[in-house]
Amino acid sequence: MKQSDTPPVGRRDFLKGVATTALAATPAAPQAPQTPPPAAAPAADAGQKKYASDFMVDLFRSMHMEYMFAMCASSFIGIHESVINYAGNRNPESITCTHEEISVAMANGYAKIDGKSVLVCAHSTVGAQHATMALFDAYCDRVPIYLVFCNTQAATERTGEVFWVHSAQDPAAIIRDMTKWDDNPVSLAHFAESAARAYAIAMTPPMGPVAIVVDDHMQDGETPAQLRLPKVNVRTPPSGDAGAVREAATLLVAADNPVIVASRCARTPAGMTLLVELAESLQAGVVDQHRRMNFPTRHRLNGGAANQADVVLALEGGDISNVSRQVRQRNGKVISITAADLFQRSNYGDYMRYAEVDLAIAADAEATLPALIEEVKRLTTPDRKRAFEARGAKIAAANHETYERAKTDATYGWDASPISTARLSMELWQQIRNEDWSLVTGWVNWPLRLWDFTKHYQYIGRAGGEGVGYYAPAAVGAALANRKHGRFTVAIQPDGDLMVAPGALWTAAHHKIPLLVVMQNNRAYHQEVMWFQRQALLRNRSPEGLYTGFGLRDPNIDFAAMAKSMGVGASGPISDPKDLAAAIRRGVEVVKRGEPYLIDVVTQPR
Ligand SMILES: Cc1ncc(C[n+]2csc(CCOP(=O)(O)OP(=O)(O)O)c2C)c(N)n1
């Protein structure tokens, strides 16, 4: 029932009186195993009535939705009941979230590891409103969230105040600018088509969130016998036109100093392998903007100055307007391959400043790379190959120098208390480097400079919309996706971010999601502290008030106690660097047993 003191009347009258007894008699939901099996036959007996929401769950199963991330609500109680009693809480399994922003951010982290669209259910107008921040992050970050939320369209069915405020004429209006597509189906058959269409749209590059509004009456009817599950289309990602690819290869092979800029280039692990092959074929430097793990961090060709290049190849590049201006001013050429050119909404500015590009290939970069590599190899003469090798040696030398400098930089303030962020990063690295690790979220500047990232799942990028509150739930979702592979998941967690969505920790404890959360607790919204200091100094005024409105101190937040209160093992606060190694050792042990663990490390601001 909707959250109201008034019992529902009208269409839900059948629940009156029977609800309490029926609910009390309902057996506990079966515990899902740690690794969900592949889609199994529904748990319902043959011949039993098949409700519309059972059909919906079959459809989600056909899309391989392993989980349903949700804060529970009466509006999708039909679907939720079907997940538990019809599907046996497997594929999808219900993941209890304590805020819709958490549901979506968790699904986001999950999707970035798993590579598939992920189901989130939310409650009507209010659930959609809570979901927006995280949905915006997913939209800007090209993550295929599959949002189902409910509504009561017919005014005569809105029985009471709560029903009224939880209903809207156009419920998806609030999220339309941050989804690729939405629909408000009026029948189960319409739902079936729209649900399949939504999945295909979400998964076609550029991927992005979609939303289906389910009118709550639609879940309760019986599934018509003739209604069949639509086949969910899997679309081939768009790859670049052959002529344009040839032109790009010609420019790249002829260039003296080509630089590749990659932002969300590697959609899948294959993208990373392909990018390595292209870079090695050309012996070109790669500037990884790390919206995904595109290129191995310690590869000899990692690095380069895009603004110094004579040809820049931007692969799903973010803001390339500056680079493009600088390169073109020097008569260089800019090539861009991005699926973002194939879809854009107008309201939010995720399309960045207009960049002048000499060859704009509107296609998915990862899907285009095989043809581009082939052309580059075909056009490379022995002479060019020799020139490439000389160039590669120079890039490798610069790369080595950068790495050595980073190692030296990391030693500054090594024994400082609060603990230096470099020391935190390196103490952690020492203890996880031999695990099958995945550093999913958080402050990763030092790791990206010093750790040896070689696999796609070892990093998933930041919050696309840069909304604070993404890291903690996204880490839990990513850890859930890593769990079935037995990977060791770790997050370097900023304090301000955790304060937005601390309930994510409870979900990790409840669902036994192994995740090591190492706090980078600088006891402030430090990013904004820096803005304040800058502002005050620009005005020739005092920067002394830097913790007024920007600090998370007085009182200090006891994150270890907070975690423990939600069933997550924890230690800290740790301010003395000498205590760090032992705490990490303990955390690694607990996480390897299959549980989450938090270490509250009090650190330098950055
Ligand atoms: C939803 C939202 N609100 C406010 C901001 C502005 N903002 C950007 S960074 C930041 C501070 C984040 O603090 P924390 O997570 O502790 O990281 P720190 O900067 O201290 O390393 C804030 C408030 C934002 N990006 N998103």
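Are Trp-429 and Trp-437 buried or exposed? In this predicted model, both Trp-429 and Trp-437 are buried. We will come back to them after a walk through another part of the structure.

Let's begin with helix H2, which spans residues 52-62. Of its 11 residues, 10 are buried, so the helix is largely enclosed by the rest of the structure. Among these buried residues are Phe-55, Met-56, Leu-59 and Phe-60. After H2 comes His-64, with a positive phi near 60°.

Now to the aromatic rings, which form 14 pairs by the rule used here. One of them joins Phe-60 to Tyr-146, edge-to-face, with 6.2 Å between the centres and 75° between the planes. Because Phe-60 belongs to helix H2 and Tyr-146 to strand S4, this pair ties together parts that are 86 residues apart in sequence. Phe-60 has a relative accessibility of 0%, so it counts as buried, and Tyr-146, also at 0%, counts as buried too.

Back to our two tryptophans: the ring centres of Trp-429 and Trp-437 are 5.5 Å apart and their planes meet at 85°, so this pair is edge-to-face.

Arg-158 lies over the face of Trp-164, 4.6 Å from the ring centre, while Arg-606 lies over the face of Trp-443, at 4.3 Å.

Our last stop is Thr-603, in the segment after strand S16 (596-601). Its relative accessibility is 4%, so Thr-603 counts as buried. Its contacts include Pro-418, Leu-424, Met-519 and Asn-522.

Notes:
Residues numbered from 1 in each chain as written. Predicted model: local features only at pLDDT ≥ 70, side-chain atom pairs only at ≥ 80, totals over all residues. Heavy atoms only, no water. Buried < 20%, exposed > 50% of the residue type's maximum accessible area, 1.4 Å probe, protein only. Helix = DSSP H or I, 4+ residues; strand = E, 2+ residues; numbered from the N terminus. Contact = heavy atoms within 4.5 Å. Phe/Tyr/Trp six-rings, centres within 6.5 Å; stacked < 30°, edge-to-face > 60°. Lys NZ or Arg CZ within 6 Å of the ring centre and 35° of its normal. Lists of a residue's contacts leave out its neighbours within four places in sequence.
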